[in-house]
Amino acid sequence: MKEEKKNKFSATVIAKIAMLSAAASILLFIEFPLLPATPWLELNVSDVPSLIASFMFGPVAGVIVNCVKIGICLIIRGTSTAFVGDLSNLVSGSLYALVAGVIYLVKKDKTGAIISLIVSGAVFCLSMWVFNQFVLLPFYKMTESSVVIPALWWTLLFNVIKVTLTGLITFFIYKAISKLLNSF
């Protein structure tokens with residue numbers, strides 16, 4: 001264990017990050033529409049392994065898991081959004097893992113985990129509001145306020161549900177997954 005602390009990205013840590021990346025990739029394929037008003041937004045919990053990596057190995061590891069997840073899914077299934085949705089997932093998931101990991105570095109206990117999940121969830125929702133307003137919706141030629149405003153609010157609701165579910169799952173399984181991965 002001391003050796004892992006000295007060498008942050010030892011072969012063992014890289015293998016654990018790879019396992020979390022594989023899990024995240026699989027979870028990205030398990031998705032379903034949640035809100036009838038936004039059928040193009042599909043709920044998945046693929047950010048859970050990224051958050052676990054951020055908590056266990058630091059924010060860089062969480063971002064790596066997120067990037068690998070997106071890359072694997074692009075290779076396997078390609079893109080249906082001309083890379084815009086994939087870029088959105090890359091930005092939001094990376095910010096989510098980065099912010100959660102940085103906050104958890106400062107306070108590594110249950111309170112720190114809760115604070116990190118709430119703050120990173122808020123950053124996720126805020127970043128997606130901005131990204132949707134200035135990139136995604138204009139890309140799909142949605143520029144009229146009568147369309148943009150409802151789309152932004154429905155997307156915000158979706159994202160609040162997503163980060164709440166993801167945060168709760170992460171909070172309740174982190175210790176068990178951490179113990180399992182540290183047993184190797």
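This is a predicted model: local features need pLDDT of at least 70, side-chain atom pairs count only at pLDDT 80 or more; totals for chains, interfaces and linings use all residues.
Axes are lines fitted to C-alpha atoms, for helices over the stretch in contact, with angles running from 0 to 180 degrees between N-to-C directions. Helices are DSSP runs (H or I, at least four residues) numbered from the N terminus.

Local features need pLDDT of at least 70 and side-chain atom pairs count only at pLDDT 80 or more, whereas totals for chains, interfaces and linings use all residues. Residues are numbered from 1 along each chain as its sequence is written, and side-chain values use heavy atoms, with hydrogens and water left out.

**Helix 3 against helix 4**

- The crossing of helix 3 and helix 4 is right-handed, meaning that the near helix is turned clockwise from the far one by less than a right angle.
- Helix 3 contributes P49, S50, A53, S54 and F57 to the contact, and helix 4 contributes P59, A61, G62, V65 and N66; contact means heavy atoms within 4.5 Å.
- By class, the residues of this contact comprise 6 nonpolar, 4 polar and no charged. Ala, Val, Leu, Ile, Met, Phe, Trp, Tyr, Cys and Pro count as nonpolar, Asp, Glu, Lys and Arg as charged, and the others, Gly among them, as polar.

**Helix 4 against helix 5**

- The axes of helix 4 and helix 5 come within 7 Å and cross at roughly 160°. Helix 4 is therefore roughly antiparallel to helix 5.
- The crossing of helix 4 and helix 5 is right-handed.
- Residues of helix 4 in this contact include P59, G62, V63 and N66, and those of helix 5 include D86, N89, L90 and G93.
- The contact of helix 4 with helix 5 holds 10 nonpolar, 6 polar and 2 charged residues.

- Helix 3 is mostly covered, with 10 of its 10 residues buried (under 20% relative accessible area, 1.4 Å probe, protein chains only).
- The cover over the buried residues of helix 3 includes helix 2, helix 4, helix 5, helix 6 and helix 7.
- The largest nonpolar core has 28 residues, of which L20, F55 and F57 touch the most other members. Such a core is a set of buried Ala, Val, Leu, Ile, Met, Phe, Trp, Tyr and Cys residues joined through side-chain atoms within 4.5 Å.
- Not counting residues up to four places away in sequence, F55 touches A100, Y104, K108, A113, S116, L117, T170 and Y174.

**G121 in helix 6**

- G121 lies in helix 6 (residues 110–139) and is buried, with a relative accessible area of 3%.
- G121 and N159 are 38 residues apart in sequence, and their C-alpha atoms are 8.6 Å apart in space.
- Leaving aside neighbours within four places in sequence, G121 is in contact with Y96 and V163.

**K141 in the loop between helix 6 and helix 7**

- K141 is found in the loop between helix 6 and helix 7 and has a positive phi of about 60° although it is not a glycine.
- Most residues other than glycine have a negative phi.
- K141 counts as exposed at 72% relative accessibility, the cut-off for exposed being over 50%.

Notes:
Helices (H or I, at least four residues) and strands (E, at least two) are DSSP runs, numbered from the N terminus. Angles under 35 degrees count as roughly parallel, over 145 as roughly antiparallel, 65 to 115 as roughly perpendicular and the rest as oblique.
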